[in-house]
Amino acid sequence: MNKARHNPLNMVAMHGALILYTLIALFPVFVILINSFKSRRAIFREPLALPNADSFSMIGYETVMKQGDFFLYFQNSMIVTVASLSFILLFGAMAAYALSEYQFKGNLIMGLYLALGIMIPIRIGTVAILEMMVATGLVNSLWALILVYTAQGLPLAVFILSEFMRQVSDDLKNAGRIDGLSEYTIFFRLVLPLVRPAMATVAVFNMIPIWNDLWFPLILAPAEETKTLTLGSQVFIGQFVTDWNAVLSALSMAILPVLVLYVIFSRQLIRGITSGAVK
Amino acid sequence: MTALTLNNVNKSFGNVHVLKDITLEVEEGEFVVFVGPSGCGKSTLLRVIAGLEDASSGEINIGGQQVNLVPPSKRGIAMVFQSYALYPHLSVRGNMTLALKQEKQPKSEIEGRVAKASRMLNLEPYLDRYPSELSGGQRQRVAIGRAIVREPKLFLFDEPLSNLDAALRMNTRIEIANLHRALDASMIYVTHDQTEAMTLADKIVVLRDGRVEQIGSPMELYNNPANQFVAGFLGSPSMNFLPEALVQESGQNTIGIRPEDLFLSDDGPLAARVSHVEKLGGDTNVIAKVQDHDVTARLFGQHAIAEGQELRFGYASEKAYRFDEAGQRLA
């Protein structure tokens with residue numbers, strides 16, 4: 001056991017630092033949450049005060065529920081995020097496995113080409129993407145967003161996952177081959193479970209930017225029936241008047257699902273680290 | 001019938017020629033050990049036999065059938081890996097039955113084979129545990145059990161003992177020898193440890209730089225090595241090599257004397273200064289300098305010899321081996 005772990009002074013310092021960091025990280029979320037339950041005047045008079053009998057108001061939530069189809073936006077965001085993540089993880093892992101496991105001509109070039117995407121922001125290609133989506137008739141469909149986010153997430157996913165897959169023991173894969181498993185079975189049953197921590201990392205890295213993105217929903221799918229939550233919340237932000245109650249309420253509700261997804265993935269992450277052990 | 005025949009097998013990785021014209025036979029029921037220093041190609045040869053690597057040229061026959069193009073799972077082989085390579089998400093039973101399920105064996109057959117193998121390896125209490133809950137020795141037994149249930153024509157062992165500690169290694173070595181007797185199966189065993197090779201093998205194949213140096217029974221190789229490499233590789237401590245000029249008037253050849261063939265003798269031909277003594281109780285290993293050459297003598301029993309002492313070694317001339325400059329044995 002590490003000696004530093006037993007020293008009470010170190011324990012206090014360590015937990016103090018962690019608690020401080022947690023407070024700093026949670027503070028904005030906390031402010032959003034408390035203010036979403038206050039009346040407009042109370043928000044501006046005392047932004048940091050907790051809602052009390054006087055200032056408590058559900059007006060923000062009522063506005064959000066009345067105006068616009070909040071649940072549809074929510075559903076759109078969910079579909080786009082989950083579908084994009086699934087595609088990123090599936091295709092990213094498959095490409096990474098091919099690059100790390102099989103020797104073929106252009107293996108290295110292919111790897112570099114895929115990694116190149118990490119350095120070039122996808123938004124540079126917005127105009128071309130829009131033209132493409134118009135040509136294929138995908139504008140104002142969730143598919144437009146799913147495809148773009150998948151493309152955006154793949155480079156980093158391939159890069160991270162192929163590094164991890166190189167570390168999976170060759171003996172294990174060979175044992176599978178001798179036992180008569182197909183390459184697909186080896187990939188899905190042996191390799192994927194062992195790189196689960198890396199998969200969780202990739203999922204977390206990709207989930208939050210996709211969920212929060214305003215750019216592509218605004219350009220590719222601004223129609224009422226394909227609006228995402230982030231885009232939907234923008235109706236309350238005007239050039240001259242902003243309905244802060246509604247914005248804060250919408251944000252509060254938008255945080256929740258991300259939090260749930262994050263908890264799921266991070267538990268996977270921890271479980272993956274503790275149960276990997278080949279030897 | 002022969003269990004395995006290799007005919008002029010070659011293997012290259014790009015420009016690197018790893019296996020050079022390997023030709024050998026493994027008889028039915030024979031225990032063959034591939035031994036050689038690291039990088040000699042013994043593991044690659046095993047992987048070529050298993051079908052995990054393709055041979056660049058040459059012919060591989062298992063049980064009389066050419067298998068060059070047959071995938072590993074259809075070659076009738078089972079392999080035990082150095083790192084055990086157990087499936088971490090399957091229980092011991094799951095690890096042992098996976099291949100049989102892939103072969104679509106009937107359930108009763110699978111259960112029968114698992115019961116038999118686990119009885120043989122004392123794995124019965126662990127069948128429902130996961131690999132992470134087992135010790136190193138138990139994992140190695142599971143890996144062996146996974147090979148046994150397949151009832152292969154040929155067992156392949158890839159340095160199966162090198163991850164175990166010394167005491168366990170000896171026990172497992174004996175277990176493998178017993179297993180070979182009980183199953184009467186053909187086995188190929190790769191190791192860099194000459195003790196494992198000597199104790200387990202019916203036949204040893206000594207490899208160096210991708211070439212077969214010599215094939216023969218352990219005692220054949222020990223008593224009658226074809227060249228200086230084989231002579232130096234087998235035996236522990238290893239054979240002493242001295243220039244012929246040291247003991248004769250002239251000569252370009254090298255003489256080799258096993259440590260146990262040296263004895264203390266006041267008028268022996270080798271004048272030595274002791275540099276280190278290893279007292280093992282039953283034996284005493286004396287490491288000494290004869291001019292610039294290190295010489296190891298293995299003396300039976302206990303001797304009061306100290307570092308720095310001057311003494312003379314003798315040997316029986318019929319026990320000395322002679323090698324020419326290229327390392328080939330001279331008659």
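Reply: Domain bounds here come from an automatic or database domain assignment, and on that basis chain B is divided into domain 1 (2–231) and domain 2 (237–330). This is a predicted model, where local features need pLDDT of at least 70, side-chain atom pairs count only at pLDDT 80 or more, and totals for chains, interfaces and linings use all residues. Residues are numbered from 1 along each chain as its sequence is written, while chains are lettered from A and ligands numbered from 1 in the order in which they are written.

Me: How many residues of domain 1 of chain B are in contact with domain 2 of chain B?

Reply: Counting two residues as in contact if their C-beta atoms, placed from the backbone, lie within 7 Å, 6 residues of domain 1 of chain B are in contact with 9 residues of domain 2 of chain B. The C-alpha centres of these two domains of chain B lie 37 Å apart.

Me: Switching topic, how many residues of chain B are in contact with chain A?

Reply: On the chain B side there are 20 residues, in contact with 16 residues of chain A. By class, the side of chain B that touches chain A has 13 nonpolar, 6 polar and 1 charged residues, where Ala, Val, Leu, Ile, Met, Phe, Trp, Tyr, Cys and Pro count as nonpolar, Asp, Glu, Lys and Arg as charged, and the others, Gly among them, as polar.

Me: And which residues in H2(B) meet H3(B)?

Reply: Arg93(B), Met96(B), Thr97(B) and Leu100(B) in H2(B) meet Ile110(B), Arg113(B), Val114(B) and Ala117(B) in H3(B), helices being DSSP runs (H or I, at least four residues) numbered from the N terminus. By class, that contact of H2(B) with H3(B) has 5 nonpolar, 1 polar and 2 charged residues.

Key
Helices (H or I, at least four residues) and strands (E, at least two) are DSSP runs, numbered from the N terminus.
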